[in-house]
Amino acid sequence: MTTYTLSEARAHLGKVVNRARYGGEIVELTEHGEPAAVLISPERLAYYRQLEDARDLAEAERVSAQSRATVPHAEVAAQFGLAPDGRPL
């Protein structure tokens with residue numbers, strides 16, 4: 001990973017962007033010695049988005065599989081003090 005201060009990046013913006021865009025580098029920009037931003041190529045961003053989408057889909061499928069367990073209506077009614085047909089007792 002290449003690191004530039006914001007001042008350096010500002011002075012050499014084209015070069016900095018080209019390192020990320022064409023060189024495939026991850027370019028970190030710092031301000032007062034702290035990370036401020038990161039430049040990556042559009043292809044790397046697309047890849048990261050695909051990874052994030054796959055992770056989100058896997059999590060949604062996991063949650064969906066867990067929530068497929070059913071509880072009979074009569075059991076739920078009993079838990080709330082109702083008759084099996086849902087009317088108050």
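Modeller: We begin with pairing: two strands pair if DSSP finds at least two bridges between them, and strands (E, at least two residues), like helices (H or I, at least four), are DSSP runs numbered from the N terminus. This is a predicted model, in which local features need pLDDT of at least 70 and side-chain atom pairs count only at pLDDT 80 or more, while totals for chains, interfaces and linings use all residues. Residues are numbered from 1 along each chain as its sequence is written, and side-chain values use heavy atoms, leaving out hydrogens and water.

Biologist: In which sense do E2 and E3 pair, and over how many bridges?

Modeller: Strands of a sheet pair through backbone hydrogen bonds, either parallel or antiparallel. Here E2 and E3 pair in the antiparallel sense over five bridges, and Thr-30 has Pro-35 in E3 as its bridge partner.

Biologist: How do E1 and strand E2 pair?

Modeller: E1 and E2 (residues 27–31) are parallel, with four bridges, and Thr-3 has Glu-28 in E2 as its bridge partner.

Biologist: In what order do the three strands form the sheet?

Modeller: The order is E1-E2-E3, in an open sheet with mixed pairing. E1 and E3 (34–39) are the edge strands, each pairing on one side only.

Biologist: Is Leu-51 buried, partly exposed or exposed?

Modeller: Buried means under 20% relative accessible area, exposed over 50%, and partly exposed in between (1.4 Å probe, protein chains only). Leu-51 has a relative accessible area of 44%, so this residue is partly exposed, and Leu-51 lies in helix H3 (residues 42–66).
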